[in-house]
Amino acid sequence: MYFIGITGGVGAGKSTVLTLLKENFNCKVLLADEVAANLMTPGHKCFDKVVALDWPESILDADGQIDRPKMARFMFENNDLRQQVNSIVHPAVEAEVLNQVEQERRSHNIEYFFFEAALLIECGYGKLVDEMWYVFATVEIREKRLMESRGYSKERIANMIACQRSDESFRANCDFVIDNSGSPQETLEQLRKYIKSKGD
């Protein structure tokens with residue numbers, strides 16, 4: 001079983017690539033955001049630690065769950081809080097991911113385990129995965145997608161892209177580049193060709 005990390009900038013279409021992988025290959029797909037969200041529900045260690053941080057006001061909603069948009073806003077405004085949350089959540093996510101990878105390796109049911117996160121490189125997953133894949137799309141395409149799907153302004157998109165790793169840096173840290181600027185069918189052809197080359 002191959003353990004493969006998938007990363008890329010905002011608007012590159014990582015979710016499209018993950019859907020194609022799920023539908024066409026014998027694999028499991030895991031998203032960092034989903035693992036983190038699960039680990040921050042009541043009853044998990046991350047929940048108590050995160051809630052106990054020095055927030056401007058309670059980050060719990062009426063049901064006693066973490067209000068994620070509210071927490072994200074506070075983290076965006078306060079670098080210290082962001083670093084504290086990340087230092088709690090990132091190691092817990094990594095432990096959970098490696099635990100799931102180990103379970104899948106033992107069960108021999110799948111050929112590929114794909115793990116997607118925007119910050120795979122920053123969090124050191126290059127040392128843990130067998131390969132790192134980078135989902136690329138041109139800035140023009142990313143802009144068009146984000147304006148259509150999320151209603152973002154050009155200025156907001158430019159700021160988001162500027163805050164992320166450069167294309168050169170993604171390419172330097174990854175083993176395979178998926179050009180997702182075209183149609184899903186074109187992307188699938190690239191995936192099929194590359195995965196077939198792994199089996200040959």
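The model is predicted: local features need pLDDT of at least 70, side-chain atom pairs count only at pLDDT 80 or more, and totals for chains, interfaces and linings use all residues. Residues are numbered from 1 along each chain as its sequence is written, and side-chain values use heavy atoms, with hydrogens and water left out.

Asn 180 lies in the loop between β5 (176-179) and α9 (184-199). Helices (H or I, at least four residues) and strands (E, at least two) are DSSP runs, numbered from the N terminus. Asn 180 counts as buried because its relative accessibility is 2%. Buried means under 20% relative accessible area, exposed over 50%, partly exposed in between (1.4 Å probe, protein chains only). Leaving aside residues up to four places away in sequence, Asn 180 touches several others, including Ala 12, Gly 13, Val 135, Phe 136 and Arg 145. Contact here means heavy atoms within 4.5 Å.

Next, the strands. Six of the seven residues of strand β1 (residues 2-8) are buried. β1 pairs with strand β3 (residues 112-116) in the parallel sense, over five bridges. Five bridges also join β1 to strand β4 (residues 131-136), again parallel. Two strands pair if DSSP finds at least two bridges between them. Ile 6 stands opposite Glu 116 in β3 and opposite Trp 133 in β4.

Now the charged pairs. The whole structure holds nine salt bridges. Each is a side-chain nitrogen of Lys or Arg within 4 Å of a carboxyl oxygen of Asp or Glu. Among them are these:

| Salt bridge | N to O distance |
|---|---|
| Glu 57 – Lys 70 | 2.8 Å |
| Glu 122 – Arg 165 | 3.1 Å |
| Glu 148 – Lys 144 | 3.4 Å |

Glu 57 sits in the loop between α3 (45-51) and α4 (68-77), and Lys 70 in helix α4, 13 residues apart. Glu 57 is partly exposed at 44%, whereas Lys 70 is buried at 15%.

Glu 122 is in the loop between β3 and β4, and Arg 165 in the loop between α7 (154-163) and α8 (167-173), 43 residues apart. Glu 122 is partly exposed at 41%. Arg 165 is partly exposed at 26%.

Glu 148 and Lys 144 are four residues apart in helix α6 (residues 139-150), so about one helical turn separates them. Glu 148 is exposed, at 60%.
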